[in-house]
Amino acid sequence: MLTSAEATAKVAALGTNIPPRSDQAAVEAFLASTPPANNQAFLDGISYAALEAPVWDGNWADFSGIVQSLWDQMIAGQITPEQFGQQACEQTASTFK
């Protein structure tokens, strides 16, 4: 199972992946991983951490629709990856608030 103690310990050992459960094996694997040198700081912050709001507020459906349409065109060879990037930036700007 993806959230088993064994699986979370393996993911935690990769570093800066705070275990999603308080299983001691996962926590120890996380603390032993480097870099950074002090993973304990991440665990210490859990008690007072707060989620941040998204960095933008916009219409996700419009954004996704535009990007998907451009992606389909690129995959079909109708536009280049460079054109995809340029057009995606231009056409999605209005979806951000």
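**Close-up 1. Asp 23 lies in the loop between H1 and H2.** The model is predicted: local features need pLDDT of at least 70, side-chain atom pairs count only at pLDDT 80 or more, and totals for chains, interfaces and linings use all residues. Residues are numbered from 1 along each chain as its sequence is written, and side-chain values use heavy atoms, with hydrogens and water left out. Helices (H or I, at least four residues) and strands (E, at least two) are DSSP runs, numbered from the N terminus. Asp 23 counts as partly exposed because its relative accessibility is 22%; buried means under 20% relative accessible area, exposed over 50%, and partly exposed in between (1.4 Å probe, protein chains only). The C-alpha atoms of Asp 23 and Thr 8 are separated by 8.5 Å, although these residues stand 15 residues apart along the chain.

**Close-up 2. Ala 7, Thr 8, Ala 9 and Ala 12 are the buried residues of H1.** Helix H2 is included in what covers these buried residues of H1.

**Close-up 3. The largest nonpolar core consists of seven residues.** Its members are Ala 9, Ala 12, Ala 26, Val 27, Ala 29, Phe 30 and Leu 43. A nonpolar core is a set of buried Ala, Val, Leu, Ile, Met, Phe, Trp, Tyr and Cys residues joined through side-chain atoms within 4.5 Å. Helix H1 (5-12) and helix H2 (24-32) are the elements that give two or more residues to this core. The largest share, four residues, comes from H2. Leaving aside neighbours within four places in sequence, Leu 43 is in contact (heavy atoms within 4.5 Å) with Ile 18, Val 27, Phe 30 and Leu 31. A second, separate core of five residues includes Leu 70, Met 74, Ile 79 and Ala 88.

**Close-up 4. Ile 79 is placed in the loop between H4 and H5.** With a relative accessible area of 11%, Ile 79 is buried. Not counting residues up to four places away in sequence, Ile 79 touches Leu 70, Gln 73, Met 74, Phe 84 and Gln 87.

**Close-up 5. Helix H4 (residues 60-75) and helix H5 (residues 81-92) have axes that come within 10 Å and cross at roughly 160°.** H4 is therefore roughly antiparallel to H5. Axes are lines fitted to C-alpha atoms, for helices over the stretch in contact, and angles run from 0 to 180 degrees between N-to-C directions; angles under 35 degrees count as roughly parallel, over 145 as roughly antiparallel, 65 to 115 as roughly perpendicular and the rest as oblique.
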